[in-house]
Amino acid sequence: MKAAVVVFPGSICDRDCKVAIERSTGAHVDMVWHAESELPKGLDLIVLPGGFSYGDYLRCGAMAALSPVMRAVAAEAERGTAVVGICNGFQVLCEARILPGALLRNAALKYVCKAVDLDIVNGQTRFTAAYGDRREATMTVGNGEGNFFADEATLDRLEGEGQVVFRYRQNPNGSARAIAGIVNGRGNVLGIMPHPDRAFEAELGSADGAILFQSALASA
Amino acid sequence: MKAKVEVFLKAGVLDVEGKAIEGALHGLGFADVSGVRVGKTIEFEVAAADRVAAEAEVKAMCERLLANTVIEGYRVEIAA
């Protein structure tokens, strides 16, 4: 099993993601600098980490979406490789139009950092299959722009096609329909605002995030 | 030519920062204020054959980078 974590200038959770994936799955994890135009060969999972890529200049994720490595990430996503964007990584995937919608300023204009309880809305995705019959998970959010937005037609389509994967039990940031995580139509790209990389061992308050990484790599 | 681009959240998208500013203005006694929207202005020089060409190029920049058209609208002004 082989995974890569993309490192943008201003990424914060890149090391956390590497450690989380290694300890959760035993996979080999490469760190890939944003200026690379090619990814390592034979990847089973690509993670875009949380942080403040390019200082959140213009819009969160807007500059990172244009960095050279994102062309390679888009190509891998097109080929069906599993891609997970966490927090800022979710923003980057939306800005790159790999996922629909956008992340707005939190409704209360506050940075929210706390553990949140999530409903696993779709347990059939490649990112949630390993949760089995479980329909809830606890992870931590840490965001100021985590307020998911899409127009009503897009939201209806996401719900209808089973693309809403995680939903907040108590909406921390005003996200439309309390959406915390979505997949693309093909189901191989996940964007998630809460951090599975901050919830991969019981000592961190929850080990539920580990299951997400295990699930993503189970088919590898 | 000078290009001036204004980017605002679309009408259907709640502008929470605008709302907060509106509330603060009301608190200062400016009770007649409504519909506050916060945007950003981006100014730059662009070399183009004429105003029409410049406007077309700047609009392309807006679509591809300067605005996220999922949530934002934009206005372009070109001055000689």
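## Strand S3 of chain A and its partners

Ala4(A) stands opposite Ile46(A), a residue of strand S3(A). In this predicted model, strand S1 (residues 2-7) of chain A and S3(A) run parallel and are joined by three bridges. S3(A) also runs parallel to strand S4 (residues 82-86) of chain A, and four bridges join these two. One of the pairings is that of Leu45(A), whose bridge partner in S4(A) is Ala82(A).

In a regular strand the side chains alternate between the two faces of the sheet. In S3 (residues 45-48) of chain A, Leu45(A) and Val47(A) point one way, while Ile46(A) and Leu48(A) point the other way. Leu45(A), Ile46(A), Val47(A) and Leu48(A) are all buried.

## Packing of helices H1 and H5 in chain A

Helix H1 (residues 14-25) of chain A packs against helix H5 (residues 208-218) of chain A, with the axes 9 Å apart and an angle of about 75° between them. Angles of 65 to 115 degrees count as roughly perpendicular, and H1(A) and H5(A) therefore fall into that class as roughly perpendicular to each other.

On the H1(A) side, the residues that meet the other helix are Ala20(A), Ile21(A), Ser24(A) and Thr25(A). H5(A) contributes Gly209(A), Ala210(A), Phe213(A), Gln214(A) and Leu217(A). Sorted by class, the residues in this contact of H1(A) with H5(A) are five nonpolar and four polar, with no charged residues.

Asp117(A) lies in strand S6 (residues 112-120) of chain A.

Beyond its neighbours within four places in sequence, Asp117(A) is in contact with Glu136(A), Thr138(A) and Arg169(A). Asn171(A) is 54 residues from Asp117(A) in sequence, and the C-alpha atoms of these two residues are 9.5 Å apart in space.

## Chain A as a whole

Five helices and eleven strands are found in chain A. Its C-alpha atoms fill a box of roughly 40 × 40 × 35 Å along the principal axes.

Of the 220 residues in chain A, 55% are buried. Contacts between residues at least 24 apart in sequence make up 75% of the contacts in chain A between residues at least 6 apart.

## Chain B as a whole

Chain B has two helices and three strands, which follow the pattern β-α-β-α-β along the sequence. Taken along the principal axes, the C-alpha atoms of chain B fill a box of roughly 50 × 25 × 15 Å. The radius of gyration of chain B is 16 Å, whereas a compact globule of 80 residues would have one near 12 Å.

Of the 80 residues in chain B, 16% are buried. Within chain B, 62% of the contacts with a separation of 6 or more are between residues 24 or more positions apart.

## Contact between chains A and B

How many residues of chain B are in contact with chain A? Eight residues of chain B are in contact with eleven residues of chain A. Helix H1 (residues 16-27) of chain B gives the largest share of the chain B side, with three residues. By class, the chain B side of this contact consists of six nonpolar residues, one polar and one charged.

Definitions and conventions:
Residues are numbered from 1 along each chain as its sequence is written. Chains are lettered from A and ligands numbered from 1 in the order in which they are written. This is a predicted model: local features need pLDDT of at least 70, side-chain atom pairs count only at pLDDT 80 or more; totals for chains, interfaces and linings use all residues. Axes are lines fitted to C-alpha atoms, for helices over the stretch in contact, and angles run from 0 to 180 degrees between N-to-C directions. Angles under 35 degrees count as roughly parallel, over 145 as roughly antiparallel, 65 to 115 as roughly perpendicular and the rest as oblique. Two residues are in contact if their C-beta atoms, placed from the backbone, lie within 7 Å. Ala, Val, Leu, Ile, Met, Phe, Trp, Tyr, Cys and Pro count as nonpolar, Asp, Glu, Lys and Arg as charged, and the others, Gly among them, as polar. The radius of gyration is taken over C-alpha atoms; the globule rule is 2.2 Å times the number of residues to the power 0.38. A residue is buried if 20 or more other C-beta atoms lie within 10 Å of its own, exposed if 12 or fewer, and partly exposed in between; C-beta atoms are placed from the backbone. Two strands pair if DSSP finds at least two bridges between them.
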